[in-house]
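Here are my notes on this one, as numbered points. Have the viewer open while you read.

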Amino acid sequence: MSDIIHLLPDSIANQIAAGEVIQRPASVVKELVENSIDAGAEHIQILIKGAGRSLIQVTDDGKGMSPTDARMAFERHATSKIRSSEDLFSLTTMGFRGEALPSIAAISQLEVKSRQKEDELGTLLMISGSKLEKQEVVACGVGTSISVKNIFFNVPARRKFLKSNETERRNIFTELERIALVHPDIEFVVIENDIETLRLPKSGLRYRIAQLEGKNILQQLIEIEEETTLGKIYGYVSRPEFAKKTKASQFFFVNNRFIRHPYFHRAVTTAFEQLISPKEKPSYFIYFQVNPESLDVNIHPTKTEVKFENEQALWQILMVTVKESLGKFNAVPSIDFDRDDAPEIPLYDPKGNVSMPKVNLNPSYNPFNKPSQETHKSSAPMFEWEKLYSGFENERDLQTEEAIESDRSSPTLFKSEHSNSNVESDLFPEHYQFKQKYILTSVKSGLMIIDQHKAHVRILFDKYLEQIKLNKGVSQRVLFPDIIELSISEAAALPSVMDDIEALGFELNNLGNNCYAIQGVPSEIDNGNPTKLIHSMIGKSIETGSDVKSEIQESIALSLAYSTAIPYGRTLTAEEMLIIVSQLFATSTPSFTPEGQKIISLLSDQEIEKKMH
Ligand code: ADP
Ligand code: MG
């Protein structure tokens with residue numbers, strides 16, 4: 001047989017790359033504005049028509065490009081920002097991959113005008129679907145102006161998947177907000193359909209936050225600042241009394257880049273613990289400046305997750321810094337830093353070990369398993385939740401050890417065949433249900449309070465996520481399938497979630513006209529309403545608005561976990577409480593729900609004593 005492999009033409013390669021970098025109009029805005037910032041611009045104007053579908057134009061007063069550079073900029077992997085792989089570890093620019101411009105040019109009709117200060121005339125380039133249509137000399141101002149028209153004009157499938165104008169517009173502003181919050185010294189102006197809708201004059205950080213969040217936020221902000229050998233943390237958090245029930249503004253940035261960081265988020269919420277109710281959320285704008293070498297350089301273009309080398313130490317520093325600022329600014333007159341469990345600012349010693357409130361859990365530990373020989377020694381494991389508070393409790397209470405060591409099989413939660421099983425719950429620590437909402441149990445240092453619904457959400461989330469990832473949900477065929485009718489937007493979102501929903505054990509059969517027969521459901525979901533569950537999973541993934549697979553999977557697992565977790569108001573048997581508690585402590589993060597809400601609280605002996613006297 002003759003050879004069949006050939007190289008793809010650049011235009012197609014660029015279109016494929018564009019799928020990674022450019023997902024929606026907001027990605028174009030982000031890439032162009034970041035380029036303007038890298039070019040040293042002080043004023044950036046963003047012009048948008050039709051929520052970015054018809055036109056996105058970004059004009060800056062940066063250093064501009066020479067005629068050759070303007071042409072080169074559209075070659076793949078052409079960049080002025082790095083030369084060698086070592087440069088990757090000391091990045092100071094927003095871009096470095098040299099992929100944005102060729103990707104955008106591959107899926108739009110693009111026009112560039114650019115002039116450098118020292119040149120009298122500038123360059124005009126017109127490119128359509130990667131094809132250079134025109135290059136000529138023009139009169140224009142110093143700087144660069146790039147117009148991107150008719151995004152995805154040659155990729156109808158992608159154009160069709162753009163969401164409503166409202167959603168695309170919101171995404172654009174989400175990107176702009178993240179950029180503007182790191183560059184208060186740059187002026188941004190947004191003009192939409194010929195009307196100026198946003199103007200952010202140059203200012204300091206505090207005022208830039210107010211420009212974006214509203215003047216009222218000024219009185220709410222408390223400054224935080226801490227510098228250690230690991231880097232600098234600065235920014236603002238809101239006073240506890242201004243915490244919000246609805247959406248709060250929560251931002252982390254590292255070296256001028258927006259990042260998501262659920263782990264650091266928990267450091268902040270931990271600092272706010274007991275100052276605000278669990279339903280409320282503090283706003284925060286927190287900036288890290290760290291040595292770029294201590295970051296895992298993020299090669300993926302659209303990812304906002306970043307890995308720090310010293311994450312645990314930074315967690316501690318962040319938590320203490322926020323907590324101290326809250327105390328210092330008298331936000332919390334009741335904070336008493338002499339309390340036993342009050343944290344100390346750790347004097348960081350790069351050579352020493354920083355101790356962290358670590359959850360030393362063995363995820364595979366199952367209290368129902370037959371114990372191995374060594375568990376009979378006095379160092380036998382306690383019930384795992386005790387370990388969570390190992391910071392409070394240095395000695396182990398041995399009373400319940402025999403309970404763990406007794407030989408029993410592992411019951412599945414709430415399966416009726418187990419409800420009669422003779423678990424001798426008096427061998428286990430006692431659990432009490434309070435107001436059909438909390439599980440109370442006595443631990444060595446006090447009274448532990450566990451939220452029954454949230455605990456079960458955490459357990460199920462971990463389980464479903466694993467099923468999705470490993471594709472090991474067990475499906476059960478239904479005799480009379482429900483028919484589900486999807487809305488247009490749900491149907492549009494279905495292809496991106498179908499695999500994951502099927503991995504959980506749902507089986508959908510396309511009947512046409514956006515109707516599907518639900519022919520199989522996960523075997524463990526026996527009483528849920530499958531139509532409702534599917535609507536809610538798709539809805540949640542649309543709401544997440546992400547194209548990143550892992551985020552979609554998380555949203556699906558989360559939605560299903562919330563819909564199927566035991567609700568408040570349900571009376572639990574002693575056995576059920578025991579199972580929830582032991583399964584909770586076998587999860588990755590027993591103390592918090594996937595969304596960072598608190599699951600467990602400890603009322604210490606001292607606190608109880610204080611109340612009694
Ligand atoms: P990257 O930003 O990763 O280098 P891009 O494809 O976004 O890749 O841009 C390619 C190159 O084009 C940049 O390295 C820069 O030299 C040049 N460039 C892009 N936009 C501008 C601009 N607004 N002003 C000046 N130069 C620019
Ligand atoms: Mg760039």
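1. A word on terms before we start: contact here means heavy atoms within 4.5 Å, and helices (H or I, at least four residues) and strands (E, at least two) are DSSP runs, numbered from the N terminus. Keep in mind that this is a predicted model, where local features need pLDDT of at least 70, side-chain atom pairs count only at pLDDT 80 or more, and totals for chains, interfaces and linings use all residues. Residues are numbered from 1 along each chain as its sequence is written, and side-chain values use heavy atoms, with hydrogens and water left out.

2. What covers the buried residues of α8? The cover includes β10 (231-238), β11 (250-254), β13 (284-289) and α9. Nine of the eleven residues in α8 are buried (under 20% relative accessible area, with exposed over 50% and partly exposed in between, using a 1.4 Å probe and protein chains only). Among the buried ones are H265, T269 and F272. Just after the helix, Q274 has a positive phi of about 70 degrees.

3. Now look at how α8 sits against α9. Helix α8 (residues 262-272) and helix α9 (residues 311-328) pack at an angle of about 30 degrees, their axes 8 Å apart; that makes α8 roughly parallel to α9. Axes are lines fitted to C-alpha atoms, for helices over the stretch in contact, and angles run from 0 to 180 degrees between N-to-C directions. Angles under 35 degrees count as roughly parallel, over 145 as roughly antiparallel, 65 to 115 as roughly perpendicular and the rest as oblique.

4. Who meets whom there? On the α8 side, the residues include Y263, F264, R266 and V268, and on the α9 side they include W315, L318, M319 and K323. By class, this contact of α8 with α9 has twelve nonpolar, two polar and three charged residues (Ala, Val, Leu, Ile, Met, Phe, Trp, Tyr, Cys and Pro count as nonpolar, Asp, Glu, Lys and Arg as charged, and the others, Gly among them, as polar).

5. On to the cores, each a set of buried Ala, Val, Leu, Ile, Met, Phe, Trp, Tyr and Cys residues joined through side-chain atoms within 4.5 Å. The largest nonpolar core has 42 residues, and those with the most contacts inside it are L32, V33, I44, I46, F74 and F188. Helix α2 (residues 25-38) gives the most to this core, with six residues. Leaving aside neighbours within four places in sequence, V33 touches I44, I46, V58, L176, I179 and F188.

6. One more residue to check: S27 is in helix α2 and is buried, at 10% relative accessible area.

Technical notes
Chains are lettered from A and ligands numbered from 1 in the order in which they are written.
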